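Hi there,

Here is the structure I promised to pass on. Have a look at it first, and my notes follow below.

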Amino acid sequence: MSLVTATIPTPDGAFTATFTAGGLAALDFPAADVSQPKPLAADTPGAQCDWLETTRRALLAVLAGKKPNRLPPLDLTRGTPFQQAVWQAMTAIPAGETRTYGELARAIRRPRAVRAVGRACGANPVPVLVPCHRVLAAGGRLGGFSAGLDWKRRLLAREGVMPRA
DNA sequence: AATCGTCGTTCTT
DNA sequence: AAGAACGACGATT
């Protein structure tokens, strides 16, 4: 499977997007090290050029706390069926709203797999656009975030969500 | 604050 | 191929 990667500059740093033939398969937070922006190769298929632009706009929207007009096609086939179910359920959380890990578990009909849901959230390959930051622990507590809780707080603050201290 | 139930994933035999 | 260990949890004590 041929992969295409490109960096997307934003006010919050340069994200890295990875596309397969199926769509956006990974979105990585800005790396700690200062890496050079990577432009799209000249022979990149037109569809993926379009996806990159759509991804760029959607990413900037969410970072600004707004709801993106449209998302690029997502290639989430890299996960197990359970993970895909969790990721799918997360895409249904609107900007400015949150769900708990327990609510997400109930949504996918595995009400007792709460901890496993947390793990699946951490394995989300397309953070920000698949809004794992909108999943909080019970009682309005923040819970965890693989990219660091500061990112989670920042993304939520942009959407007007203030998790309980 | 400490403990336990729960379950998908990952790490060890 | 099992089995043990480990969580971005939640409820109970």
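Predicted model: local features only at pLDDT ≥ 70, side-chain atom pairs only at ≥ 80, totals over all residues.

Strand 2, which covers residues 13-20, pairs on two sides. Strand 1 (residues 4-10) runs antiparallel to strand 2, and seven bridges join them. Within that pairing, Val4 faces Phe19 of strand 2. The two strands make a hairpin, with two residues between them. Strand 3 (residues 23-28) is also antiparallel to strand 2, with five bridges joining the pair, and here too a hairpin of two residues makes the link.

In general, a disulfide is a covalent bond between the sulfur atoms of two cysteines. For Cys121, the closest cysteine sulfur belongs to Cys132 and is 6.8 Å away, so the two are too far apart for a bond. Cys121 has 7% relative accessibility and therefore counts as buried, whereas Cys49, at 31%, counts as partly exposed.

Finally, the largest pocket. Its volume is about 230 Å³. The lining is made up of 14 residues, and those nearest the centre are Lys67, Pro68, Leu71, Thr91 and Arg134. Sorted by class, the lining has nine nonpolar residues, three charged and two polar.

Note on methods. Residues numbered from 1 in each chain as written. Chains lettered and ligands numbered in written order. Heavy atoms only, no water. 1 Å grid on protein atoms, 1.4 Å probe; cavity = no way out; pocket = protein on both sides within 12 Å on 5 of 7 lines; lining within 4 Å. Points joined across faces, edges and corners; volume = space filled by probe spheres on them. Nonpolar A, V, L, I, M, F, W, Y, C, P; charged D, E, K, R; others polar. Buried < 20%, exposed > 50% of the residue type's maximum accessible area, 1.4 Å probe, protein only. Disulfide = S-S within 2.5 Å. Pairing = 2+ DSSP bridges. Helix = DSSP H or I, 4+ residues; strand = E, 2+ residues; numbered from the N terminus.
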